[in-house]
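Let's take a walk through this one together. Have the model open and follow along.

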Amino acid sequence: LAAILGAGLPAANACEAWVGPVDGLRDFELGTGGLEVKSTLAAVGFPACVGSLDQLDDTARQPLFVVGVRLRQLDSGRALPDYVEMLRDVVRGDDEAERILSERLVAAGYFDAHASRYSRRFTQAASRLVEVVENFPRLTLGRVPAGITRASYEIDLDRAPGPNVSMDEALRRLG
């Protein structure tokens, strides 16, 4: 969400696009497509869990991008409440964005009353944003044998083909 806001999308639109917490198929749905965000603490490889055959299926919404964020746990990093406060600062003054962000945080299971429980601190070590195209490693309902109706699986984003795309370029392509 911070990267989308940082790329200049209006705050209310960015917060409204964050549909993952409200049972969205992907984390963000923007324009004609979507963004699916995966994170890891792994130092080698980028294991990313895909929760369904639909999550990386781009037949209904295109383009579809996967955003991989590699985190490092460091004492000098930020805890989840720090990130939440940073997002609140960014949207402050836009009543609609503030309302939507608050609703999405609660839907995601974040409650200010529990802030002290989030003691681990992280820093972003690297990121990768890649478009899901024909040769992207994925399972979809149209690409599995007949009879398979549900699956979750793991891919290594470090081994996924395709160039890194900027958030500005992804948002432009999403419309």
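What follows covers a helix pair, a residue in another helix and some aromatic rings.

A quick word on the ground rules: this is a predicted model, where local features need pLDDT of at least 70, side-chain atom pairs count only at pLDDT 80 or more, and totals for chains, interfaces and linings use all residues. Residues are numbered from 1 along each chain as its sequence is written, and side-chain values use heavy atoms, with hydrogens and water left out.

Start with helix α3 (residues 80-91) and helix α4 (residues 95-107), whose axes come within 9 Å and cross at roughly 160 degrees. Angles over 145 degrees count as roughly antiparallel, so that is the label for α3 and α4. On the α3 side, Val84, Leu87, Arg88 and Val91 make the contact (heavy atoms within 4.5 Å), and on the α4 side it's Ala97, Glu98, Leu101 and Leu105.

Now hop to helix α5 (residues 167-174), where you'll find Ala170. Ala170 is buried (under 20% relative accessible area), with a value of 0%. Leaving aside residues up to four places away in sequence, Ala170 touches Phe65, Leu129 and Val165.

Last, the rings. A search of the whole structure finds one aromatic pair (ring centres within 6.5 Å). The centres of the Tyr110 and Tyr118 rings are 5.4 Å apart and their planes sit at 25 degrees, so the pair is stacked (planes under 30 degrees apart).

Technical notes:
Rings of Phe, Tyr and Trp (its six-membered ring) pair if their centres lie within 6.5 Å; planes under 30 degrees apart count as stacked, over 60 as edge-to-face and the rest as tilted. Helices (H or I, at least four residues) and strands (E, at least two) are DSSP runs, numbered from the N terminus. Buried means under 20% relative accessible area, exposed over 50%, partly exposed in between (1.4 Å probe, protein chains only). Axes are lines fitted to C-alpha atoms, for helices over the stretch in contact, and angles run from 0 to 180 degrees between N-to-C directions. Angles under 35 degrees count as roughly parallel, over 145 as roughly antiparallel, 65 to 115 as roughly perpendicular and the rest as oblique.
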